[in-house]
Amino acid sequence: MYFNSVYIVFGLVPFTLAGYSLKDDYSPDRFLDMFSFDTFDDPTHGYANFVDQSTARTKGLIESDKRTVTLRADSTNVASGRGRDSLRLTSKAKYNHGLIVVDLAHMPGNACG
């Protein structure tokens, strides 16, 4: 999954008054700082080993620069133990409502493997 940019925009007044303003900017150069990397057991009981940010970067599961963010699951190693090394990110920010604009260069289809 590649993110070119993600912007969180919140309506401070009704949409009919064109009242949106930028609340948070999830640009690629700061995207990863906006999330916590969860490392707990998979709550859906899947075969996934959620790894922290340092491990993810070392194993090539995340990449980022000023233009793009790449997030991926391990697809080269044989899974063992808790399962395949994977990412589970949780936003550090909380939102009740808003408009989220995402520019995706690639989004995998609905398939496992």
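Tutor: Ile-100, Val-102, Leu-104 and Met-107 make up a nonpolar patch on the surface, and together they have about 360 Å² of accessible area. Patch members have over 30% relative accessible area and no salt bridge; nonpolar side chains (Val, Leu, Ile, Met, Phe, Trp, Tyr) are joined within 5 Å, like charges within 9 Å. Areas come from the Shrake-Rupley method with a 1.4 Å probe, and for residues only the protein chains shown count as cover. The model is predicted: local features need pLDDT of at least 70, side-chain atom pairs count only at pLDDT 80 or more, and totals for chains, interfaces and linings use all residues. Residues are numbered from 1 along each chain as its sequence is written, and side-chain values use heavy atoms, leaving out hydrogens and water.

Ile-100 belongs to strand 9 (residues 99–106); strands (E, at least two residues) are DSSP runs, numbered from the N terminus. With a relative accessible area of 54%, Ile-100 counts as exposed, the term for over 50%, whereas buried means under 20% and partly exposed lies in between.

Buried residues include Tyr-26, at 4%, and Phe-31, at 4%. Their rings form an edge-to-face aromatic pair, 6.4 Å centre to centre with 70 degrees between the planes. Rings of Phe, Tyr and Trp (its six-membered ring) pair if their centres lie within 6.5 Å; planes under 30 degrees apart are stacked, over 60 edge-to-face, the rest tilted. Tyr-26, Phe-31 and Phe-35 form one aromatic cluster.

Notes
Salt bridge = Lys/Arg side-chain N within 4 Å of Asp/Glu carboxyl O. Helix = DSSP H or I, 4+ residues; strand = E, 2+ residues; numbered from the N terminus. Buried < 20%, exposed > 50% of the residue type's maximum accessible area, 1.4 Å probe, protein only.
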